[in-house]
Amino acid sequence: MVAADSEGSKDPGVRMFRRERSIPLRGSAAALCNNLSVLQLPVRNLTHFGVVHGPSAQLLSFAPEGLPLAQRQLHAKEGAGVSPPLITQMFESDGSIMVYWHALDSGDASPVQAVFARGIAASGHFICVGTWSGRVLVFDIPAKGPNIVLSEELAGHQTPITDIATERAQGQDCVADMVTADDSGLLCVWRSGPEFKLLTRIPGFGVPCPSVQLWQGTVAAGYGNGQVRLYEASTGTLHVQINAHARAICALDLAPEVGKLLSAAEDTFVHIWKLSRSPESVSIEVEHCHGECVPDTQVCGARFCDPSGSSFAVTGYDLAEILRFSSM
């Protein structure tokens, strides 16, 4: 296992990032971890951004040429007497149509216990949603039509799910292609399919894991103490421990084409790291590429805007805009 720090490790030869024009929001992003989603549509040369605020979500479309933005506000709707906080809703990617809703089962929750869904990711034709109880709901999405069904519930956690990440398995058998994290810091590594299989449990160490990513069989986990840890997904072996931030991490993201890892935290910093595998030892090597301070901001979301990691975006609480940065 190798330990690394963010200070003094930046390579001056790596291109830096510059601030671009921000994208205005109708309201601030809520103070939630991972509160920014980015969907790039290369065919249409558009990028969709999604931000949550209270019981609503803002969807924005942006074109590189500076074309006018399209904004849509999605409000949680009540269904069959169920209040919005207890409903998971699925929409078309542009937010135009709600195609499915699912009422969360409060089960044995006490009247003072929060009931919520947190953490969502797609794996093949499945969408996985984390819940307050530690269960992960697996929805089977048909190729056509709205006939979405709850196909399975995964029971690997005992505390609320914080985040879910997936990676395309490329048809290989026995390959880990999903990881789930919870408030205790426990990570569960899964293989998706008609029946999901739990492959590995990576124990926590007393702090929550708010954000997690998966890249080429490596789990990247960001923790409440500011550390980023890289594990071998198949075995749970710890490869690298990075003392990345001074406060709790609130978002991780990966640029899969180049192996760049983005970390953002409550210390107002966003760091970018380059991951690579050593051909000799097959171990993971980490290089610090860039650090960006977002002053006087409670950062709550950060994502790369393209698979090559040449641009990224940041959201903050009480900040009515999405900050954008691109490589120089």
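Strands here are DSSP runs of E with at least two residues, helices are runs of H or I with at least four, and both are numbered from the N terminus. This is a predicted model: local features need pLDDT of at least 70 and side-chain atom pairs count only at pLDDT 80 or more, while totals for chains, interfaces and linings use all residues. Residues are numbered from 1 along each chain as its sequence is written, and side-chain values use heavy atoms, with hydrogens and water left out.

**Stop 1: a loop with a positive phi**

Select Asn-34, in the loop between strand 3 (23–24) and strand 4 (37–41). Its phi is near 60°, a positive value in a residue other than glycine. Is Asn-34 buried or exposed? Asn-34 is buried, at a relative accessible area of 14%. (Buried means under 20% relative accessible area, exposed over 50%, and partly exposed in between, using a 1.4 Å probe and protein chains only.)

**Stop 2: His-48**

Now pick His-48 in strand 5 (residues 46–53). His-48 is buried too, with a relative accessible area of 11%. Show side chains and look for the 2.8 Å polar contact between His-48 and Ser-61. (A polar contact is a pair of N or O atoms within 3.5 Å; within protein, one must be able to donate a hydrogen and the other to accept it, and residues adjacent in sequence count only if both atoms are side-chain atoms.) Setting aside neighbours within four places in sequence, the contacts of His-48 include Val-38, Leu-39, Leu-60 and Ser-93. (Contact means heavy atoms within 4.5 Å.)

**Stop 3**

Next, colour the open sheet of 4 strands, ordered 10-11-12-13 with antiparallel pairing. (Two strands pair if DSSP finds at least two bridges between them.) Its edges are strand 10 (117–123) and strand 13 (149–154), each pairing on one side only. Zoom in on Cys-128, whose bridge partner in strand 12 is Val-138.

**Stop 4**

Move on to the loop between strand 18 and strand 19, where you'll find Gln-216. Gln-216 has a positive phi of about 45° although it is not a glycine, and at 44% relative accessibility it counts as partly exposed. Gly-217 sits in that loop between strand 18 (211–215) and strand 19 (218–222), and is partly exposed at 22%. Beyond four places in sequence, Gly-217 is in contact with residues including Glu-167, Tyr-231 and Arg-277.

**Stop 5: two hairpins**

Follow strand 23 into strand 24: 5 bridges join them, and they run antiparallel. Lys-260 stands opposite Lys-274 in strand 24. The hairpin leaves 3 residues between the strands, and Thr-268 in the turn has a positive phi of about 75°. Carry on to strand 25 (residues 284–293), which pairs with strand 24 in the antiparallel sense over 9 bridges. Here Phe-269 has Cys-293 as its bridge partner. This hairpin has 6 residues between its strands, with Val-282 taking a positive phi near 60°.

**Stop 6: the cores**

Finish with the largest nonpolar core, of 18 residues, where Ala-264, Val-270, Phe-312 and Val-314 touch the most other members. (A nonpolar core is a set of buried Ala, Val, Leu, Ile, Met, Phe, Trp, Tyr and Cys residues joined through side-chain atoms within 4.5 Å.) The elements giving two or more residues to this core include strand 22 (249–255), strand 26 (298–304) and strand 28 (321–327). Apart from this core lies another, of 16 residues, among them Leu-187, Val-219, Ala-221 and Tyr-231.
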